[in-house]
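Morning, everyone. Have a look at the model first.

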Amino acid sequence: MRYMIIVKATADSEAGVMPEEALMASMATYHEELMRAGVLLDASGLQASSKGWRVRYRDAGRSVIDGPFVETKELIAGYTLIQVASREEALHWTRRFPNPAGEGRDAEIEVRQVFELDDFAPGEAVERFRRMDTA
């Protein structure tokens with residue numbers, strides 16, 4: 001099972017404030033532990049929404065909206081993708097995730113299970129995705 005640990009954006013992350021050395025060190029230690037355990041698939045921080053855009057679909061049309069975006073509670077500052085055997089193992093690892101805002105500060109991470117192809121009904125479209133995985 002794959003799980004994405006989503007780090008919520010803050011006013012600081014949206015302002016481009018870089019994490020302090022102590023936080024970077026604790027994040028590095030945590031991710032090294034994930035790597036040694038063989039469960040780390042990917043991890044990265046994201047640039048502020050001012051450097052991004054959204055595509056809005058309305059009726060049959062599409063429009064591009066440039067950032068920044070106002071509601072930081074709806075934004076993502078980074079992620080870690082892990083692959084584990086159970087929800088309990090994912091919970092174990094996420095409880096150990098360092099406070100992304102720094103110790104003693106309010107912060108939140110969100111954890112979501114990633115869909116696997118086996119979660120979908122069999123069909124040609126699913127098979128096309130399977131072929132992409134083996135390419």
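Start with Asp-118 and Arg-130. They form a salt bridge, with the closest N and O atoms 2.9 Å apart. By salt bridge I mean a side-chain nitrogen of Lys or Arg within 4 Å of a carboxyl oxygen of Asp or Glu. This pair links distant parts of the chain: Asp-118 sits in the loop between β6 and α4 (124-134), Arg-130 in helix α4, 12 residues apart. Helices (H or I, at least four residues) and strands (E, at least two) are DSSP runs, numbered from the N terminus.

A word on provenance. The model is predicted: local features need pLDDT of at least 70, side-chain atom pairs count only at pLDDT 80 or more, and totals for chains, interfaces and linings use all residues. Residues are numbered from 1 along each chain as its sequence is written, and side-chain values use heavy atoms, with hydrogens and water left out.

Now accessibility. Buried is under 20% relative accessible area, exposed over 50%, partly exposed in between (1.4 Å probe, protein chains only). Asp-118 is exposed, at 63%. Arg-130 is partly exposed, at 30%.

Arg-130 also meets Glu-127 in a salt bridge, 3.2 Å from N to O. Those two are three residues apart in helix α4, so about one helical turn separates them. Glu-127 is partly exposed, at 32%.

Next pair: Glu-110 and Lys-8, 3.1 Å from N to O. Lys-8 is buried, at 19%. Glu-110 is partly exposed, at 26%.

How many salt bridges does the structure hold? Nine.
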